[in-house]
Amino acid sequence: MDVRRLELLLALSRLGSMRAVAETLGVTTSTVSQQIAALAHEVGTPLLEPDGRRVRLTPAGQRLAGHAVDIVAAVEAARADLDPSAKPAGTVRVAAFHTAIRDTVLPVVQRLASAHPDVRLEIQEQEPPEALTLLERDQVDLAVSYDYNLAPANVDPGLEITRLWQATWGLGVPSRSRRTSGTAAEVAAVFADSDWIVNSRHAGDEQVVRAIASLAGFEPRITHRADSLPLVRDMIVAGLGVALLPTGSLKAPGISVRRLRDPVPMFRTYTLTRRGRGGWAPLALVRGLLEQQRRAPDAVSWT
């Protein structure tokens, strides 16, 4: 089987249409169609079937796409392994969320400038869903993402994950609120009648809120959505609701962050790369420096 054809099939399984594959990989739609048809001839079974005006993978096509994950990764690893002693040089494209860029990625930029000037970073600020899409489309080489222990992310088997730092989160409420302590469910129950604020582009914190509320026996009233933590704090001060916030947040007038336990919500950061790319010298260097840049939760400046 031709590896390039397997790459096209894998891209189709991820992107969902031949047009998207063609636009992402810079080829024509007819080329994608012809190459996948040739692959079907090679394996002796149909790989596509009609789906309205589009096509979708047959069960055989889906199974072959699953094998293609490992095959393509192995080929890319072999290519990277041809010269493992080469001096790292090149541009590594990184997508990461705001806090990770400021506290984890920028210190690596400084280290590269002083010790590895031939390696540079191209950085995009993106929330995890957008960063993951860019990584899957091969538009970035590395994504820095996050999830929660109470809402773990489902990582594509075609990606490699490396854990970085984690931090404890609590419940941010107006400081004038009645003081309470206890389990996460007991604390949340006090605010069962409040409006709740969650992220607008990452579903993780909403899943955590709903999980804790379920333990407390109520359905949270999700009213507001915002990505910026400073904005979330301003909304809490304005009396618009309550929200999950890091316990290591800078003290803000008008806000109290209540500790939660049993369970304790943990915010977890990690890097993602495509399988088989880890041996590429510049990417391996950057990923290693990011691992060294792990910071204690109370050292992260959540601003």
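Me: Is Arg102 buried, partly exposed or exposed?
Reply: First, a word on the ground rules: this is a predicted model, where local features need pLDDT of at least 70, side-chain atom pairs count only at pLDDT 80 or more, and totals for chains, interfaces and linings use all residues. Residues are numbered from 1 along each chain as its sequence is written, and side-chain values use heavy atoms, with hydrogens and water left out. Buried means under 20% relative accessible area, exposed means over 50%, and partly exposed is in between (1.4 Å probe, protein chains only). The relative accessible area of Arg102 is 23%, so this residue is partly exposed.

Me: How far apart are the closest N and O atoms in the salt bridge of Asp103 with Arg102?
Reply: A salt bridge here is a side-chain nitrogen of Lys or Arg within 4 Å of a carboxyl oxygen of Asp or Glu. Asp103 counts as buried, at 4% relative accessibility, while Arg102 is partly exposed. The closest N and O atoms of this pair are separated by 3.2 Å.

Me: How many residues apart in the chain are Glu206 and Arg225?
Reply: These two form a salt bridge, with their closest N and O atoms 2.8 Å apart. The pair links distant parts of the chain, with Glu206 in helix α8 (residues 204-216) and Arg225 in strand β8 (residues 221-225); helices (H or I, at least four residues) and strands (E, at least two) are DSSP runs, numbered from the N terminus. Glu206 is buried, at 14% relative accessible area, and Arg225 is partly exposed, at 46%.

Me: How many residues apart are Arg93 and Asp138?
Reply: Arg93 and Asp138 form a salt bridge, and their closest N and O atoms are 3.7 Å apart. Arg93 sits in strand β3 (residues 90-96), whereas Asp138 is in the loop between α6 (128-136) and β5 (142-148). Arg93 counts as partly exposed at 24% relative accessibility, as does Asp138 at 26%.

Me: Near what value is phi of Asp138?
Reply: Asp138 lies in the loop between α6 and β5. Its phi is positive, in a residue other than glycine, and is near 60°.

Me: Which residue does a cis peptide bond join to Asp262?
Reply: Asp262 lies in the loop between β10 and β11 and counts as exposed at 56% relative accessibility. Phi of Asp262 is positive too, near 50°, in a residue other than glycine. With omega at about 10°, the cis peptide bond joins Asp262 to Pro263.

Me: Which residues does Asp118 touch, not counting those up to four places away in sequence?
Reply: Asp118 is in the loop between α5 (98-115) and β4 (119-125), and is partly exposed with a relative accessible area of 42%. Contact means heavy atoms within 4.5 Å. With residues up to four places away in sequence left out, Asp118 touches Lys87, Pro88, Ala89 and Gly90.

Me: At roughly what angle do the axes of α2 and α3 cross?
Reply: Axes are lines fitted to C-alpha atoms, for helices over the stretch in contact, and angles run from 0 to 180 degrees between N-to-C directions. The axes of α2 (residues 18-25) and α3 (residues 29-43) come within 8 Å, crossing at roughly 110°. That makes α2 roughly perpendicular to α3, given that under 35 degrees counts as roughly parallel, over 145 as roughly antiparallel, 65 to 115 as roughly perpendicular and the rest as oblique. The angle asked for is roughly 110°.

Me: Which residues of α2 take part in the contact with α1?
Reply: The axes of α1 (residues 3-15) and α2 come within 9 Å and cross at roughly 120°, so the two helices are oblique to each other. From α1, the contact uses Arg4, Leu8, Ala11, Leu12 and Leu15. From α2, the contact uses Met18, Ala20, Val21, Thr24 and Leu25.
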